[in-house]
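Hello,

Here is the structure we spoke about handing over. My notes on it follow below.

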Amino acid sequence: MRQRNVTIFWALALTILLYSGAAQGQSVELQFLDHETNEPIVGMGVLLQSISDPQQSVQGVTDIDGYFRTSDLAHPLRLQTQHLSYEALIETLSEAKKEPFRLQPTATVMQDVTVMSDAYQNHATDKDLYVVQEINRQTIEQLGGNDLSDVLNFNPNISVTPNASDGKSTVSMFGLSGEYVKILIDNIPVISDNGVGNDIDITQLNLDNVERIEVTEGSMGVMYGSNAIAGIINIITKKDNPSPLQISASVQEETVGSEYNWSDEGRHIQRIQLSSSINPKLTLTAGANHNDFKGFKNDHRGENYYGSEGVRGYEWNPKEQLNLNAGINYRISQSTKLAYKFAYYQENLYIHDTTLLGGVGIDGLPEYKARDKKYLTKRQVQSLSLDQQIGQSSATIFLSYQKQTRYLEDYTYDIEHQAKVSTTGLYKNQSSELIYSKGLVDNLLPHLTWLSLTTGYEFDFQRGYDAIASGKYSNNVSQQSLRNTDIFVQTDWSMIPSLTLSPGLRINNNSSYDNHLIWSMAAILKSPRQFTTQLVVGSAYKTPNYTQLYRYFVDANHDVTGNPDLEPEDGVSIMLNLSKPSHLGLVTFKNEIKGYHFNIKDKVDLALVTDADPTAVSDIQRSTYLNINQYQTIGISTSNQVQIKHLSLQLGAAYTGVRQSLENENTDEDYLFTLTGSGQLAYLFSKINTTAAVNIKYNGSNERYAQNEDGINKITVAPYTFLDASMQKNLFDNSLSIKIGARNLLDVVSVSTTGLPSSGHSSSTSTSQLFGYGRSYFVNLTYTFKK
């Protein structure tokens, strides 16, 4: 299977490389310099828009020489620029300009406007009300990011929790787990084992064709539905390409701790991405990514070891991933845009048992076998979006069909002969299908300068089948469906220039529950001294996920079931953010501090229950999901950015407390607080066209609540720190990029954890929890061809 996937990847790569592009269009080259120092302005935001066809536009940033280059736009053009340290420029270009633009530095720092993605970004409604952190393409490259887990770990308000056994990584924000964070790709939620958009395995989300990642903090339930309580993570893919043809191919080789070779150790990644502007109306994209993680042995000896008991296998199980993507973006007219996207994902996860099965072969000699597993996951996504401009208003419709299927193979492996001797074959044990649609009309009242109205609908229907939790003694495999039908409205009300209020309402109709009202109120106040205050208050409404409702895990050793009678969770979310940009000579600052509080009522948790028949003879503890807890988080965080020419520095910290108590009980639990800190330092050596970056994340001692079949337990995780560094060199007019880096320089593998219950008992024990696979190094070669 692994060899076949590699063959498929390179066959597709060869097909793309043989693609011939369309005719080259007219090129535009602009340079921007500092008026006082004559130095190039790096990172200047540039927007070029055709005057004859306003729907034709290109945006980007200047390179290290202050240049912005594009093609396929005919003069005359409208030019707009934006930079934190320089005056804005708006100018009409009637013909090609050969002389550079020289801009004055300004002490009046531009407002920090949050740019919402896709359907919102080109519309008149001001959407800078929410607290948004953006991870741009440059940061993704500096971190050597292949999937979402590679880049989220350095945000002080986000924690990434890995699972070494199944290779999954999930996120938490502000002390709330992934069930309260909604993950989207181009505004469409991602399907998962448990539901729609929540508790996503972020190692499955590839970043090759990603333009940026927007992390919106606080309650977003009105615009994005139930379960968007802590915030949303919206992955924005690349769509427009100014070049007639661009092909980018790369190879990345990475050690896993100290383990590496070409065949069965390390991490091996191959990528290829194509984009082509066939004409001013039509853009095509396609790509492939093959990520072969060979596992992390640590103190184990791998798949083919036999000898001491408990040494075979891997600390971190091997996993192989294949991602394919394709897209079509077509401008039907000046006011109408259509986009189609297809994505395919395949993953092979190999689990090798550490227990050996001894025996005697027909030759009378000892033989060693083991019972192993293979999980095969396949997911396909098809999405269609239509964006229609109607005067100063706009309408957008999203449609998506997603299907995920997981297969399991149980087999006995003959270690000495390295062959399967018996197998069940692959059989389906999980399947989820999602039909999704969302539509909205933005800026419904364009004639009112002080009021803007957005309204729309959202619909999702999920049908699921899950047998992975049903043991061989079970005859109750869960096959169920869930539906949500919502309508929503949000207004932006600006009675005075410095203050904007944005109340919003959504009516949620769930197939398992009655109608429910989701509300929010956002406000932004801009003071004359450039202080900006943002407040987001909203309901913390969350419906139970698929697992909590319909799980069935009953066999000879387990009895864990879902509960279709669960009630939705509800509560209040509050986020207050204060920010101020400033300027001192060539130094630019931005300082931000936020406070947050989430109060969740009727929280769903796994609890032990008493058997209905007290005379029944059973040693198995029965567990089910119940609305038993009240969960609260409170905290404060800060982010501080400094830019000095080619040097950028960002420091952040968060102090978050969580408190959980049983409802209807007068418990006075204290908050369990955790301190986290992060830092990013990047420097551009302009003369040699090289960028160096260092990223650090400190995770303080973490006393928190953990859940398993025995119920809720209070555990303590010891402090640990991740430190990454990288350096990137661009050659041959940026067509060749060489990147070297190191992950986890402080060599974190396992972290001491106390309070975890021993298996099947209520007594606690001290153990360690895997968080990394040691100090690792990578090298990446990327070649980009442009025509």
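I start with a strand pair: S2 (residues 45-50) and S5 (residues 77-82) run antiparallel and are joined by six bridges. Within this pair, Gly 45 faces Gln 82 of S5. Please keep in mind throughout that the model is predicted.

S2 and S5 belong to an open sheet of four strands, ordered S3-S2-S5-S6, with antiparallel pairing. The edges are taken by strand S3 (57-61) and strand S6 (90-93); each has a single partner strand, so one side of each has no neighbour in the sheet. On average, neighbouring strands here are turned by 20 degrees against each other, direction ignored. As a general point, side chains in a regular strand alternate between the two faces of the sheet.

Phe 685 stands opposite Thr 690 in S37. Four residues separate the two strands of this hairpin, and Asn 689 has a positive phi near 55 degrees.

Next, the nonpolar cores. The largest one has 61 residues, and the members that touch the most others are Leu 148, Leu 152, Val 171, Leu 176, Ile 183, Ile 213 and Ile 233. For Leu 152, leaving aside residues up to four places away in sequence, the contacts are Ile 135, Ile 158, Val 160, Val 171, Ile 202, Val 215 and Ile 233. Another core, of 17 residues, lies apart from that one; Phe 32, Val 46, Leu 48 and Leu 89 are among its members.

Two further residues may be worth a look for their backbone angles. Asp 186, which is not a glycine, has a positive phi near 55 degrees. Asp 186 sits in the loop between strand S11 (181-185) and strand S12 (188-189). Is Asp 186 buried or exposed? Its relative accessible area is 8%, under the 20% limit, so Asp 186 counts as buried.

Asn 227, also not a glycine, has a positive phi of about 80 degrees. This residue is in the loop between helix H4 (221-224) and strand S14 (231-237). With a relative accessible area of 9%, Asn 227 is buried as well.

Regards

Conventions: Residues are numbered from 1 along each chain as its sequence is written. This is a predicted model: local features need pLDDT of at least 70, side-chain atom pairs count only at pLDDT 80 or more; totals for chains, interfaces and linings use all residues. Side-chain values use heavy atoms; hydrogens and water are left out. A nonpolar core is a set of buried Ala, Val, Leu, Ile, Met, Phe, Trp, Tyr and Cys residues joined through side-chain atoms within 4.5 Å. Buried means under 20% relative accessible area, exposed over 50%, partly exposed in between (1.4 Å probe, protein chains only). Contact means heavy atoms within 4.5 Å. Two strands pair if DSSP finds at least two bridges between them. Axes are lines fitted to C-alpha atoms, for helices over the stretch in contact, and angles run from 0 to 180 degrees between N-to-C directions.
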